[in-house]
Amino acid sequence: MKPPTPSTTWIHQVWPSRALGRRRDELLGSDVTALVGETAAHGDRTALAAALRAGVAHEATLTLTRRDGTPLRAEMRITPVRDADGAVTDWIAVVDDVSER
């Protein structure tokens, strides 16, 4: 299994700018938990880290912080990608803005 904090290898062209006020290149190569950041509740960060260590899918609604300091409610789903032997080789994370829900 890869380390519990895999790096971001792909991110949507527009989403980081529109949702977070960040450039795409700021997040590429960063620890995947950078998408969550320090402003998410401790329990949410802990649950995400535990799922990454265990190699299991996880879903949570988090409050992220945009570059300008305003909150963003986001739903994050992570899913492991496994090789033929069942080892985790990568992760897919989908983050949706749910602020208007």
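Modeller: Helices (H or I, at least four residues) and strands (E, at least two) are DSSP runs, numbered from the N terminus. This is a predicted model, so local features need pLDDT of at least 70, side-chain atom pairs count only at pLDDT 80 or more, and totals for chains, interfaces and linings use all residues. Residues are numbered from 1 along each chain as its sequence is written, and side-chain values use heavy atoms, with hydrogens and water left out.

Colleague: What pLDDT does the chain average?

Modeller: The average is 79, and 83% of the residues score at least 70. pLDDT is the predictor's confidence in each residue, from 0 to 100.

Colleague: Which elements have the lowest and highest mean pLDDT?

Modeller: Helix α1 (residues 15-20) is lowest, at 75. Strand β2 (residues 71-82) is highest, at 88.

Colleague: OK, the strands. How many bridges join β1 to β2?

Modeller: There are 8, and strand β1 (residues 58-65) runs antiparallel to β2. Two strands pair if DSSP finds at least two bridges between them. Thr61, for one, has Glu75 in β2 as its bridge partner.

Colleague: And what sits between those two strands?

Modeller: A turn: β1 and β2 form a hairpin with 5 residues between them. Gly69 in that turn has a positive phi of about 95 degrees.

Colleague: How does β2 pair with β3?

Modeller: Antiparallel, over 9 bridges, with β3 covering residues 88-97. Arg82 has Val88 in β3 as its bridge partner. Ala74 stands opposite Asp97 in β3. β2 and β3 also form a hairpin, with 5 residues between them. There, Gly86 in the turn has a positive phi of about 90 degrees.

Colleague: Switching topic. Which residues touch the most other members of the largest nonpolar core?

Modeller: Trp15, Leu20, Leu64, Leu72, Met76 and Ile78, out of 18 residues in that core. α1, α3 (42-54), β1, β2 and β3 each supply at least two residues of this core. β2 gives the most, with 4 residues. A nonpolar core is a set of buried Ala, Val, Leu, Ile, Met, Phe, Trp, Tyr and Cys residues joined through side-chain atoms within 4.5 Å.

Colleague: What counts as buried?

Modeller: Buried means under 20% relative accessible area, exposed over 50%, and partly exposed in between (1.4 Å probe, protein chains only). In soluble globular proteins, nonpolar side chains tend to be buried together.

Colleague: Now Glu75. Is that one buried or exposed?

Modeller: Glu75 counts as buried, because its relative accessibility is 14%. Glu75 is in strand β2.

Colleague: What does Glu75 touch, beyond residues up to four places away in sequence?

Modeller: Glu59, Ala60, Thr61, Val94, Val95, Asp96, Val98 and Arg101. Contact means heavy atoms within 4.5 Å.

Colleague: Which residue forms a salt bridge with Glu75?

Modeller: Arg77, with the closest N and O atoms 2.6 Å apart. A salt bridge is a side-chain nitrogen of Lys or Arg within 4 Å of a carboxyl oxygen of Asp or Glu. Arg77 counts as partly exposed because its relative accessibility is 25%.

Colleague: Where else does Arg77 go?

Modeller: The Arg77 side chain also meets that of Asp96 in a salt bridge (2.7 Å, N to O). Arg77 lies in strand β2 and Asp96 in strand β3, so the pair ties together parts that are 19 residues apart in sequence. Asp96 is partly exposed, with a relative accessible area of 29%.

Colleague: How many salt bridges does the count come to?

Modeller: By this rule, 3. One of them joins Asp25 and Arg23, with the closest N and O atoms 3.0 Å apart.

Colleague: Last one, Pro71. Buried or exposed?

Modeller: Pro71 counts as exposed, because its relative accessibility is 56%. Its place is in strand β2. Leaving aside neighbours within four places in sequence, Pro71 is in contact with Thr63, Leu64 and Arg66.

Colleague: How far apart are the C-alpha atoms of Pro71 and Ser99?

Modeller: They are separated by 8.8 Å, and the two residues are 28 residues apart along the chain.
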